[in-house]
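Please find below a note on the structure shown here.

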Amino acid sequence: MAVVERAITALSELAELPLDAPERLVWERQRLDEFRSGEREAFAMIYRAYSGLIYARILMPMLGRPSAAEDALADTFERAHAKLASFRLRDRSVFFWLGRIARNRALDMHRRHGVARHREAMLSAHFDRLGIREPDPEA
């Protein structure tokens with residue numbers, strides 16, 4: 001139980017620090033080293049430290065729907081997990097790298113949604129030209 005309490009205390013102290021604080025960067029480097037040496041809990045700590053910020057500051061403003069933001073958040077951390085072993089932390093927080101992944105994922109979702117809407121409009125226009133009415137889902 002003492003380990004869990006220390007982890008919770010560390011995360012709450014981390015949340016108080018600015019993203020560019022040297023103490024935060026040291027904490028991140030330690031988690032990255034632990035992750036690379038096979039400690040799975042290190043990635044979970046990074047997730048707990050940054051998932052709320054990524055969701056609130058990037059994904060919800062870009063996507064507007066909680067379900068879409070949650071999907072993008074899951075995909076962001078899945079992609080980050082796959083690439084974290086080769087990620088090189090320099091003098092910036094890992095938050096900015098995660099944020100870039102999240103932003104790109106949100107833009108991908110917007111593009112895909114726009115393409116689907118365009119195809120739907122084209123199909124509807126084609127049906128109109130042919131004189132085919134859309135089926136009534138209530139019938």
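The points that follow concern the fold, the nonpolar core and the aromatic contacts.

1. The model is predicted. Its chain has five helices and zero strands, and 32% of the 139 residues count as buried. The accessible surface comes to about 9,600 Å², with 55% of that area belonging to carbon and sulfur atoms.

2. The largest nonpolar core holds 32 residues, of which Tyr50, Ile54, Leu59, Leu84, Trp97 and Leu98 touch the most other members. At least two core residues come from each of helix 2 (22-36), helix 3 (40-63), helix 4 (66-83) and helix 5 (94-130). Helix 3 gives the most, with ten residues.

3. Beyond its neighbours within four places in sequence, Tyr50 is in contact with several residues, including Leu19, Trp27, Phe77, Phe95 and Leu98.

4. There are six aromatic pairs in the structure. For Phe43 and Phe77, the ring centres are 6.1 Å apart and the planes stand at 70°, so this pair is edge-to-face. Because Phe43 lies in helix 3 and Phe77 in helix 4, the pair ties together parts 34 residues apart in sequence. Phe43 counts as buried at 12% relative accessibility, as does Phe77 at 3%. Phe35, Phe43, Tyr47 and Phe77 form one aromatic cluster.

5. Phe95 and Phe96 also make an edge-to-face pair, with centres 5.5 Å apart and planes at 80°. Phe95 is buried, at 6% relative accessible area, whereas Phe96 is partly exposed at 33%. The charged end of Arg92 sits over the ring of Phe96, 4.2 Å from the ring centre.

Conventions:
Residues numbered from 1 in each chain as written. Predicted model: local features only at pLDDT ≥ 70, side-chain atom pairs only at ≥ 80, totals over all residues. Heavy atoms only, no water. Helix = DSSP H or I, 4+ residues; strand = E, 2+ residues; numbered from the N terminus. Buried < 20%, exposed > 50% of the residue type's maximum accessible area, 1.4 Å probe, protein only. Areas by Shrake-Rupley, 256 points an atom, 1.4 Å probe, with all protein chains shown as cover. Core = buried A, V, L, I, M, F, W, Y, C linked by side-chain atoms within 4.5 Å. Contact = heavy atoms within 4.5 Å. Phe/Tyr/Trp six-rings, centres within 6.5 Å; stacked < 30°, edge-to-face > 60°. Lys NZ or Arg CZ within 6 Å of the ring centre and 35° of its normal.
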